[in-house]
Structures are given as C-alpha cells and as structure tokens.
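Hi,

Here is the structure I promised to pass on. Have a look, and my notes follow below.

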Amino acid sequence: MKISAHILNTVVAAFFLAMPLSAPAAADEVELNKLFDSLAQPEQDNWESIERAIWREWSDSGSKAMNLLLNRGRRAMSNRNFSEAIDHFTALTDHAPEFAEGWNMRATAYFGAGQYGLSIADIQRTLVLNPRHFGAMQGLGRMLEEMDDAKNALTAYEAAYAIHPHRPGLKEAVERLGQQVSGQDL
C-alpha cells in the first residue's frame, strides 16, 4: 500500500502534536490513572490483569447499544470478515464519535483489510480521544514499519513502550528499530 510521503508525514505530525493536548476519556479517571501507574512499573508481575482492566474500561462506551455494535464488530473481525466489522465500527463511530475504542477497532479492521491510509486516520482520531492508547500506538508503529518508515515507527513504538513496557513485542521493536535508525547492524 502506497501513501504519499506528504500525507504520511502530516498524519504522523498531527498524531504527535495532538498527544499532549488531549485527555483520555474514561468513566473513572482516578482508577484508570492508578492502573496506568501500576502498568508502568518495570517489575510488575501482574501486568496482564492490569492490561485487561484497562481494556475493559476502554471497551465500555456507557451505552448498551454502542457496546453491542462494538461486540458485533469484534465478532466479525474474529471471523476475518473485515468488511462487516468496518460496517459495525462505522455505525459505532457515527453514533458515538467520542468513544475512542470505536475508532481504534475500526482502525484495526481497516488494517486487516489492508487499507492502511484509513487505518492511520482512525488511529489518529483514537489518539486524540485517548492519548494513552498503547494498542493504537503499537499498531501505528507496525504499519509505519511495514511502510519502511523506521524513524516514525520507532517513535510510535517508543511512545507505546513508555506507557506499557510489558506489551509483547514492543521492547524488541524499540531495540531493533533503534539500532536500524542509528545505523547499527543487529
């Protein structure tokens, strides 16, 4: 998938400029802050349960109808029916535009369908709504890496790693791309 360098640079710049200006949308901000503080601890043995608690919080739109759309889209994705998933997530983002996980899941469905430009646009929206969304950051890094943009991929991976140092594959990606960007061989 080819995306012009200008468009890609604009999206990446907007992503990183938007991060410090936005606050995450969460029902219980104090509890979510505690979870993130615990998740960031290097010696955290219980990180998987903390991550699951964060995902549960992110997956609750506050509306049964919107949660139903989210679950239907996820089910379609698990069956690799990306077109159907995109339809459900589009309905979700249309009706709940401030629900970051709707945008993130549609970005994931677009990625699965090979539509990287649309995926990156939805990741950008996800991160405006939820600047701590380590999953969206890691997904952005993966796409940028596949598009041979090692420098920006590294930046996305580093941002995700700073939030969630236990996330599988992140440390390795940061190390691998750090060496590549600095010109060192593995």
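This is a predicted model: local features need pLDDT of at least 70, side-chain atom pairs count only at pLDDT 80 or more; totals for chains, interfaces and linings use all residues.

Residues are numbered from 1 along each chain as its sequence is written, and side-chain values use heavy atoms, leaving out hydrogens and water.

Now the rings. There are 6 aromatic pairs in the structure, meaning Phe, Tyr or Trp rings (the six-membered one for Trp) with centres within 6.5 Å; planes under 30 degrees apart are stacked, over 60 edge-to-face, and the rest tilted. One of them is Phe36 with Phe134, edge-to-face at 6.4 Å centre to centre and 65° between the planes. Phe36 sits in helix α2 (residues 29–39) and Phe134 in helix α8, so this pair ties together parts 98 residues apart in sequence. Helices here are DSSP runs (H or I, at least four residues), numbered from the N terminus. Phe36 is buried as well. Ring pairs join Phe36, Trp55, Trp58 and Phe134 into a cluster.

Arg80 has a positive phi of about 60° without being a glycine, and it is in the loop between α4 (64–78) and α5 (82–95). Asp148 also has a positive phi of about 60° and is no glycine; its loop runs between α8 (134–146) and α9 (150–163).

Cheers

Notes
Helices (H or I, at least four residues) and strands (E, at least two) are DSSP runs, numbered from the N terminus. Buried means under 20% relative accessible area, exposed over 50%, partly exposed in between (1.4 Å probe, protein chains only).
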